[in-house]
Amino acid sequence: LLSQLNFNPIDRGKLADATLLFECLLKWGPRAVDRLVGEFAFAFWDGVEQRLLLGRDVFGHRPLYFHQNDGFFAFASMPSGLHALGDIAYDFDADFLAETLALLPHSSSRTHFKYIDRVEPAHVLTVTRRNIRSDKYWHPTGPAGRRLRPEEYEEGLRSVLDQAVAAQLRGSRDAIGTHLSSGLDSSIVTA
């Protein structure tokens with residue numbers, strides 16, 4: 001990714017994630033999400049195209065909410081940020097709440113509030129003066145090819161884990177900390 005953005009190799013370890021995300025969005029627009037790995041939620045105003053892009057990571061770990069009505073659009077990382085605006089009513093969506101209590105999966109942009117929606121995981125919301133469009137960018141495929149030996153799965157997991165940890169440690173130099181929660185994931189990452 002860094003080589004595609006033509007960054008000076010000396011500066012690579014010093015770049016903040018926000019800087020990298022900004023440069024990716026400048027270069028690839030909404031298709032930047034195809035190159036991102038990890039947790040993220042972003043808002044990006046493209047002045048040239050006159051559009052606002054809102055995006056969330058594949059699993060939806062980072063929240064991003066929005067409100068729309070005639071001539072008015074707002075977004076925030078939490079519903080409380082939108083409720084701080086006087087024009088957005090504070091009404092619960094009773095049906096959504098019942099579905100949540102029944103442990104039904106949520107497969108839309110609805111939230112617990114009537115006038116607030118969410119950017120769905122693995123989606124980019126494109127907002128223009130004419131319309132709002134939500135596009136899913138991640139379409140996982142099922143297993144393909146032959147079944148691997150257990151050692152090959154182990155090697156593949158190690159490779160992906162090493163890549164994820166290296167991405168998180170970028171620019172950390174010698175100072176590294178970890179949090180062990182007694183679960184497998186934190187123990188594996190620490191090891």
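1. Strand 1 (41-46) and strand 2 (51-56) run antiparallel and are joined by six bridges, where strands are DSSP runs of E with at least two residues and helices are runs of H or I with at least four residues, numbered from the N terminus, and where two strands pair if DSSP finds at least two bridges between them. Within this pairing, aspartate 46 has arginine 51 of strand 2 as its bridge partner.

2. The model is predicted, so local features need pLDDT of at least 70 and side-chain atom pairs count only at pLDDT 80 or more, whereas totals for chains, interfaces and linings use all residues. Residues are numbered from 1 along each chain as its sequence is written, and side-chain values use heavy atoms, with hydrogens and water left out.

3. The hairpin of strand 1 and strand 2 has four residues between the strands, and in its turn glutamine 50 has a positive phi of about 55°, although glutamine 50 is not a glycine. Glutamine 50 is partly exposed, at a relative accessible area of 35%; here buried means under 20% relative accessible area, exposed over 50%, and partly exposed in between, with a 1.4 Å probe and protein chains only.

4. Strand 2 is largely enclosed by the rest of the structure, because six of its six residues are buried. In a regular strand the side chains alternate between the two faces of the sheet. For strand 2 both faces are covered, with Arg51, Leu53 and Gly55 buried on one side and Leu52, Leu54 and Arg56 buried on the other. Strand 2 also pairs in the antiparallel sense with strand 6 (residues 123-127), over four bridges, and the partner of leucine 53 in strand 6 is threonine 126.

5. An open sheet of three strands has the order 4-3-5 with antiparallel pairing, and its edge strands, strand 4 (72-76) and strand 5 (117-118), each pair on one side only. Strand 3 (residues 65-69) is joined to strand 5 over two bridges, with phenylalanine 66 partnered by aspartate 117.

6. At helix 3 (residues 94-101), aspartate 93 caps the N-terminal end, a side-chain oxygen lying 3.2 Å from the backbone nitrogen of aspartate 95. Just after helix 3, leucine 103 takes a positive phi of about 60°, although leucine 103 is not a glycine. This residue lies in the loop between helix 3 and strand 5, and leucine 103 counts as exposed at 75% relative accessibility.

Methods: Polar contact = N/O pair within 3.5 Å; in protein donor to acceptor, adjacent residues only side chain to side chain.
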